[in-house]
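Please work through the following exercises with the sequence and the model at hand. Each task is followed by a solution in steps.

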Amino acid sequence: MPSQNGYSRERAWSLLNEYTQSASLLKHALGVETCVRAYGEREADAQGLTGEPREDLVGKYAVTGLLHDFDYEKYPTPAEHPFVGTRILAEQGWPEEIRTAILGHAEYSGVPRETHLAKTLFACDELAGFLTACSLVKPTKSIHDVETAGVRKKMKDKAFAKGVNRDDIIKGAEELGIPLDEHIAFCIAAMQKNAEALELVGSSPNPPA
């Protein structure tokens with residue numbers, strides 16, 4: 001990823017691992033990165049970007065997803081996360097747009113989500129975790145066997161993945177201006193493309209046509 005704008009994927013990954021040891025939190029970061037990056041690609045296409053400008057925009061989306069919870073393991077309380085993390089990012093020179101988006105993904109921060117990046121991060125955060133949970137209860141433990149209708153059904157099951165805020169998933173799609181089913185399907189497709197890195201290939205994934 002280009003780094004002239006103050007960020008790179010390699011730098012973000014290094015920072016994430018410096019503060020995060022939990023395998024589940026690292027996988028969550030990768031899941032959110034995957035979905036947010038896919039929306040970054042979609043936004044770049046919508047803007048007609050090519051070459052370096054396109055790489056810059058997609059890279060910005062990717063590292064925002066990757067870093068949104070990087071401080072959570074060490075600073076998990078609402079008084080600390082994501083405020084400590086964004087202060088660290090500011091000290092290291094990460095762009096304001098990334099920091100503001102990360103602040104905005106926590107509803108209690110009071111920071112409004114005004115940019116497409118901020119809305120995208122909020123929309124993908126809880127959903128990426130939920131899709132991972134949906135994958136892991138499949139006999140195959142594969143994202144390739146997750147379908148939108150099944151996700152919607154699981155969302156109604158309050159006993160399933162109780163830590164996931166369903167209201168945030170619904171509100172996130174609304175803020176993006178995308179129908180919920182379309183949003184879910186988009187993120188499923190993004191995670192399927194990155195299934196190996198997310199360790200969600202499972203035992204018998206459906207091969208691409």
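Predicted model: local features only at pLDDT ≥ 70, side-chain atom pairs only at ≥ 80, totals over all residues.

Residues are numbered from 1 along each chain as its sequence is written, and side-chain values use heavy atoms, with hydrogens and water left out.

**Exercise 1.** Classify the aromatic pair of Tyr39 and Phe186.

Step 1. Rings of Phe, Tyr and Trp (its six-membered ring) pair if their centres lie within 6.5 Å; planes under 30 degrees apart count as stacked, over 60 as edge-to-face and the rest as tilted.

Step 2. The structure holds 4 aromatic pairs. In one of them, Tyr39 and Phe186 lie 4.1 Å centre to centre with 35 degrees between the planes, and the pair is tilted.

Step 3. Tyr39 belongs to helix H2 (residues 23-46) and Phe186 to helix H9 (residues 180-193), 147 residues apart; helices are DSSP runs of H or I with at least four residues, numbered from the N terminus.

**Exercise 2.** Explain why the pair of Phe130 and Phe160 is edge-to-face.

Step 1. The ring centres of Phe130 and Phe160 are 5.5 Å apart and the planes stand at 85 degrees, so the pair is edge-to-face.

Step 2. Both Phe130 and Phe160 are buried (under 20% relative accessible area, 1.4 Å probe, protein chains only).

**Exercise 3.** State which residue lies over the face of Phe122.

Step 1. A charge sits over a ring if NZ of Lys or CZ of Arg is within 6 Å of the ring centre and within 35 degrees of the ring normal.

Step 2. Arg113 lies over the face of Phe122, at 3.6 Å from the ring centre.

Definitions and conventions:
Helix = DSSP H or I, 4+ residues; strand = E, 2+ residues; numbered from the N terminus. Buried < 20%, exposed > 50% of the residue type's maximum accessible area, 1.4 Å probe, protein only.
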